[in-house]
Protein chains: 2
Amino acid sequence: MNYKKMYQEDVKVLTSIVGEDFIEAFEDVNEMYSMDKLGTVKNMPEAVLHVENKFQIQQIMKYAYQENIPVTVRGAGTSLVGGSVAVMGGIMLDMSRMNKIKELDQINLTLTVEPGVKLFEIYQAVEPEGLFYAPDPGEKNASIGGNISTNAGGMRAIKYGTTREWVRALEVVTPKGELLKFGSKVVKNSTGYGLKDLIIGSEGTLAIIVEATLKLIPKPRFTKSMLVCFDNREKAINAAPRLIKDYVLPTAVEYFEKQALDYNEAFLGTSVDGGNYQAYLLLSYDNNDDVALDKDIANVSKLVLENYGASEVMVVDPTSKRSNIWNVRGGFLTAINASTSFMDECDVVLPRARISEFLAYVREVSSELSIRIPYFGHIGDGNLHIYLCKDDIPNEKWDRLVEEGFDKLYKKAFEFGGLVSGEHGIGIAKRAYMKQLLGEEQLELMRGIKSVFDPKNILNPMKVIS
Amino acid sequence: MNYKKMYQEDVKVLTSIVGEDFIEAFEDVNEMYSMDKLGTVKNMPEAVLHVENKFQIQQIMKYAYQENIPVTVRGAGTSLVGGSVAVMGGIMLDMSRMNKIKELDQINLTLTVEPGVKLFEIYQAVEPEGLFYAPDPGEKNASIGGNISTNAGGMRAIKYGTTREWVRALEVVTPKGELLKFGSKVVKNSTGYGLKDLIIGSEGTLAIIVEATLKLIPKPRFTKSMLVCFDNREKAINAAPRLIKDYVLPTAVEYFEKQALDYNEAFLGTSVDGGNYQAYLLLSYDNNDDVALDKDIANVSKLVLENYGASEVMVVDPTSKRSNIWNVRGGFLTAINASTSFMDECDVVLPRARISEFLAYVREVSSELSIRIPYFGHIGDGNLHIYLCKDDIPNEKWDRLVEEGFDKLYKKAFEFGGLVSGEHGIGIAKRAYMKQLLGEEQLELMRGIKSVFDPKNILNPMKVIS
């Protein structure tokens with residue numbers, strides 16, 4: 001790929017589009033724009049444009065297309081796979097000023113937002129109105145544009161599906177600068193190919209999301225969580241699918257082990273009562289009727305204690321901030337990150353039936369390669385988050401070990417019918433594994449689709465496919 | 001497009017693939033294979049192959065691709081828009097022998113089926129196991145392959161989403177004869193572009209679905225329906241979105257008027273108590289707790305009677321077969337079809353807020369053009385089914401009137417933010433309206449995608465785009 005290197009004259013044109021207060025160029029670009037949250041891949045864009053609206057983006061894309069300058073979109077920068085790193089330089093569009101909530105439609109039950117709106121701002125906008133946007137990824141500071149671009153899942157996917165199911169319409173700017181709208185406020189759509197669904201999960205490589213219309217539902221009135229403690233991993237892991245099948249659908253089924261609680265205590269100072277079991281399931285249920293919800297909680301407690309080998313059940317007191325296990329759960333990534341000098345992650349997703357075997361294999365790899373590999377997961381939907389920690393391993397050895405570790409883990413996951421990524425995406429870091437899994441024919445289809453949208457390959461080049 | 005006309009030598013090759021008992025060619029092709037359920041478009045395929053498995057389909061596609069013969073896939077033939085009519089002749093693949101249920105996975109909660117399995121067979125396979133496949137299109141004899149190809153919606157879409165949300169994985173044969181698998185049994189997937197979601201709703205134009213893995217959930221334990229009667233259309237229509245927002249999410253919100261009941265009585269001999277109101281909402285709620293469900297039903301009854309202007313509420317007795325309003329609802333299409341010599345339909349979908357205005361406009365067009373236009377709809381998700389009835393209008397006048405009628409209805413629907421099709425698809429009949437709505441740029445993207453999958457345009461040509 002032969003892109004144009006940027007010069008002052010390009011900056012001049014771009015400044016005329018966004019205004020001089022909203023551009024950083026060359027040596028003035030803040031270093032934070034060279035990387036994502038994990039920082040495994042770094043490269044500086046030549047210019048960062050803090051865009052304000054879709055019309056600016058159209059103009060920028062027309063110029064970039066004409067001049068053959070690569071463009072990378074960055075939301076809140078919380079990606080873990082390098083998806084928003086400008087690996088070929090060029091222009092970075094920072095979407096954080098496009099953070100307006102444009103309309104809450106109480107009749108059609110939709111929320112229309114700009115892509116820079118953060119996840120927590122969506123909850124704040126709809127929940128006081130008795131409405132509910134269900135996707136619940138761990139990172140509440142992520143932008144909705146990023147969530148859509150990776151089809152983020154989160155804790156409640158087991159009951160409510162992933163981000164895909166919550167997007168009614170997208171307005172996008174194509175690499176050529178066209179403004180297009182896919183979908184509408186309606187519930188159903190069988191009008192031509194699913195272009196909206198193709199943009200969702202395409203990690204900013206096909207078109208730039210400039211507006212999203214999200215689906216809402218009435219907020220479930222009551223929610224209760226319970227921490228189920230097991231003295232043995234297999235019991236916990238095997239209980240999860242049986243719980244899902246034999247009783248009502250939980251809103252969340254999280255799995256973690258004592259280790260994860262220990263990291264939280266050591267690095268974040270948060271702890272939880274009953275932190276001395278080997279393995280845990282954190283379950284949530286919601287209901288519009290509090291009596292029925294209490295019945296569910298009682299029945300599930302009975303089931304796990306009598307039939308699934310649980311040692312103890314603690315119903316979570318939602319009023320106690322300090323001991324709230326959900327806060328502890330929310331801190332796992334931060335705590336593991338704090339426990340090591342550097343780490344890389346694997347966001348593999350597996351059929352529920354194979355989790356136990358797979359995690360046994362993770363521990364085997366950990367001991368074989370002598371790398372610390374903590375993990376936790378959305379076990380209800382088979383999505384594990386696994387962290388290879390560098391600790392005091394020397395750089396070159398680490399590079400070799402991390403590659404060997406990933407090779408082994410993905411190979412085993414594919415054997416078990418798993419996929420590369422459950423929710424974090426492919427970005428730049430996981431391309432080789434996707435190719436291994438999907439094969440050349442599927443990649444060829446993806447490359448063809450990429451060319452249809454982006455014939456000059458200027459939008460987020462080198463990502464997902466290459 | 002210049003396709004090869006088929007000769008005896010082609011039939012010989014194809015016979016060697018499927019066996020002589022499973023091919024009909026030329027004058028031996030049964031006329032039923034020339035049309036779909038509505039019969040508005042007719043053309044005979046040159047050969048019909050009753051395929052048995054995916055490997056046959058791979059061989060057939062390799063031959064068709066090499067020889068440049070068009071191929072059209074037919075499931076149960078229940079399309080209403082000509083989607084499965086072989087308008088360019090060539091080969092028709094009849095999928096009805098590919099009707100095996102391959103696996104019910106009780107741990108991952110999936111059902112793996114061949115594409116010719118019918119919707120009612122899916123319910124029969126999973127419900128006795130306490131499991132639930134939620135999509136509920138009116139036509140239970142439709143094949144699952146067809147349901148996936150049109151992203152069929154049905155009555156329960158308001159709570160459970162459309163077919164798209166219930167497909168975990170698809171195995172397909174491409175026009176070139178490659179066998180590819182998109183997705184897996186897993187709940188989440190952010191592994192590359194959403195090829196599975198692109199196939200869903202593409203009406204058999206991109207690849208041939210040869211196996212589908214469907215999502216299941218535990219079956220909700222209790223369901224109750226209520227018929228809410230109104231003496232005024234607007235009251236009924238306006239109640240629908242308020243009901244959805246103000247209380248719990250219904251599983252279905254169907255709308256119809258006295259007229260629809262009258263057709264059923266006249267043409268099918270089925271009737272319902274309380275059939276003398278102007279407009280009706282048929283509501284369903286499900287719950288895992290019967291006490292909570294009764295509370296919901298009581299609260300909704302109170303709401304509609306006291307606040308939304310309903311005249312009467314009848315809780316449906318599910319044990320009475322004869323009077324079951326759901327059977328009556330299921331007969332609307334058949335009854336309207338029986339009421340006329342010929343009809344054409346409009347499956348428009350609108351934002352919920354505009355339904356009342358739109359239906360007033362439908363009545364206006366009916367009186368302006370002097371065509372009878374009965375309708376009913378899934379008002380909970382804004383999807384209306386509108387039927388232009390020929391009755392005793394002479395042929396030429398009918399052709400002109402139906403075009404004028406559709407022009408007016410779609411134009412108004414687009415003004416209101418509606419889309420061409422909620423669930424029946426575009427097929428051949430609705431292409432012009434899709435073009436009007438989406439514009440040339442979007443069609444160009446769709447054409448590009450079509451070329452990526454099907455460079456010779458042999459698979460279901462002339463459909464969706466052209």
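**View 1. The contact between the two chains brings together 73 residues from chain A and 73 residues from chain B.** Two residues count as in contact here if their C-beta atoms, placed from the backbone, lie within 7 Å. This is a predicted model, in which local features need pLDDT of at least 70 and side-chain atom pairs count only at pLDDT 80 or more, while totals for chains, interfaces and linings use all residues. Residues are numbered from 1 along each chain as its sequence is written, and chains are lettered from A and ligands numbered from 1 in the order in which they are written.

On the side of chain A that touches chain B, the elements giving two or more residues are α5 (157–160), α6 (195–199), β11 (217–218), α7 (233–246), α9 (290–306) and α14 (431–453) of chain A. Helices (H or I, at least four residues) and strands (E, at least two) are DSSP runs, numbered from the N terminus. The biggest giver to this side is α14(A), with ten residues. Sorted by class, this side of chain A holds 35 nonpolar, 26 polar and twelve charged residues. For these classes, Ala, Val, Leu, Ile, Met, Phe, Trp, Tyr, Cys and Pro count as nonpolar, Asp, Glu, Lys and Arg as charged, and the others, Gly among them, as polar.

**View 2. Helix α14 of chain A meets helix α14 of chain B, their axes coming within 9 Å and crossing at roughly 155 degrees.** That makes α14(A) roughly antiparallel to α14(B), a label for angles over 145 degrees. Axes are lines fitted to C-alpha atoms, for helices over the stretch in contact, and angles run from 0 to 180 degrees between N-to-C directions. The crossing of this pair, α14(A) and α14(B), is right-handed: the near helix is turned clockwise from the far one by less than a right angle. Here A:Leu445, A:Gly448, A:Ile449, A:Val452 and A:Phe453 meet B:Leu445, B:Gly448, B:Ile449, B:Val452 and B:Phe453.

**View 3. Within chain A, helix α1 (residues 8–18) packs on helix α2 (residues 54–67) at an angle of about 165 degrees, with the axes 9 Å apart.** The pair α1(A) and α2(A) is therefore roughly antiparallel, and its crossing is right-handed. From α1(A) come A:Asp10, A:Val13, A:Leu14, A:Ile17 and A:Val18, and from α2(A) come A:Gln56, A:Gln59, A:Ile60, A:Tyr63 and A:Glu67. These residues divide into six nonpolar, two polar and two charged.

**View 4. Chain A is divided into domain 1 (8–97), domain 2 (101–218), domain 3 (222–332) and domain 4 (341–431).** The bounds come from an automatic or database domain assignment. Taken over C-alpha atoms, the centres of domain 2 and domain 3 of chain A are 29 Å apart. Their contact takes five residues from domain 2 of chain A and eight residues from domain 3 of chain A. On the domain 2 side there are two nonpolar, one polar and two charged residues.

Technical notes
Angles under 35 degrees count as roughly parallel, over 145 as roughly antiparallel, 65 to 115 as roughly perpendicular and the rest as oblique.
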